Amino acid sequence: MKPKLISFKLCPFVQKAVLTLLQKGIDFDIEYIDLENPPPWFSEISPLGKVPVLQVGDQMLFESSVIVEYLDEVYGESLHPSDPLTKAQNRSWMEFGNECLMNSFNLIVAADEAAFSEQRESLINKLDRLEHKLGGDTYFNGNQVSLVDLSFTPFFQRLDYINEVSPGLIDDQRHPRLHLWTNHLLAMDILEQSTVPEIKQLYTGMMKKRNGYLSTLMAA
Ligand SMILES: N[C@@H](CCC(=O)N[C@@H](CS)C(=O)NCC(=O)O)C(=O)O
């Protein structure tokens, strides 16, 4: 039976799971729900009321990190490095990627310029740390794509959209290795299929709708 993802069109956490499914060539189903008006069955299958949920037969999994690890373990060759310490370090950086996503969301909802600047500084500090960690290869661990790369991709896709409104977050002088890595991630064939085609429009619409300081920087 095909695994089925319960999704929300804008969700970067679901996208991590979709990228893993696509990279591994796993056939899957996806059902989009409206998080503002979820169907009655959603609260039964999602203990935290969040997407993604992965349905495997009559069993449910929640939390994107758990879902991608499950998919990696069950289908095909692992996308993790084999050395246990390197693998664990990759998992640590995947958690860091989740924090980057939260930070970018906080940037969007920051109500005033001071809160926005604080979030922006915090995000740039995270990018500095990533720059320091990277080795200048195509991907995080070298020339082969790993789960950690797939986990960061939704963040960088959204950072691009934010950077169009608030330039300077992406700075190839300050973060040359990060810039190269991001370019490789955003050039992956599977990226396009990993979201709905109107992702940019939906995301910028959400930025506007959140009505934070960032929305005041957007063209009318
Ligand atoms: N830690 C969770 C985060 C998932 C998450 O925040 N999903 C958002 C959509 S992108 C959500 O479902 N929000 C609904 C809510 O918080 O009520 C994961 O990694 O799966």
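Two strands are taken to pair if DSSP finds at least two bridges between them. In this predicted model, strand E3 (residues 53-56) and strand E4 (residues 59-62) meet that condition with four bridges, in the antiparallel sense.

**Strand pairing**

- Strand E1 (residues 4-7) runs antiparallel to strand E3 (residues 53-56), and three bridges join the two.
- Across this pairing, Ile6 stands opposite Val53 of E3.
- On the E4 side, Val53 stands opposite Phe62.
- E3 and E4 form a hairpin with two residues between the strands, where Gly57 adopts a positive phi near 60°.

**Aromatic pairs**

- Nine aromatic pairs are found in a search of the whole structure.
- One of them joins Trp41 and Phe42 in an edge-to-face arrangement, with the ring centres 6.5 Å apart and 80° between the planes.
- Trp41 has a relative accessibility of 33% and therefore counts as partly exposed.
- Phe42 has a relative accessibility of 3%, so Phe42 counts as buried.
- The pair of Phe152 and Phe156 is stacked, because the ring centres are 6.0 Å apart and the planes lie at 25°, where planes under 30 degrees apart count as stacked.
- Phe152 and Phe156 both belong to helix H6 (residues 147-165) and are separated by four residues, about one turn of the helix.
- Both Phe152 and Phe156 are buried.
- Phe152 and Phe156 also belong to a cluster, linked by ring pairs, that includes Phe140, Phe155 and Trp181.

- Arg158 is buried yet has no salt bridge.
- The nearest side chain of opposite charge to Arg158 is that of Asp160, 10 Å away, whereas a salt bridge requires a side-chain nitrogen of Lys or Arg within 4 Å of a carboxyl oxygen of Asp or Glu.
- A polar contact of 3.4 Å connects the side chain of Arg158 with the side chain of Gln157.
- With residues up to four places away in sequence left out, Arg158 touches Leu10, Cys11, Pro12 and Gln15, as well as Leu101, Ile199 and Tyr203.

Note on methods: Residues numbered from 1 in each chain as written. Predicted model: local features only at pLDDT ≥ 70, side-chain atom pairs only at ≥ 80, totals over all residues. Heavy atoms only, no water. Phe/Tyr/Trp six-rings, centres within 6.5 Å; stacked < 30°, edge-to-face > 60°. Buried < 20%, exposed > 50% of the residue type's maximum accessible area, 1.4 Å probe, protein only. Lys, Arg positive; Asp, Glu negative; His and termini not counted. Polar contact = N/O pair within 3.5 Å; in protein donor to acceptor, adjacent residues only side chain to side chain. Contact = heavy atoms within 4.5 Å.
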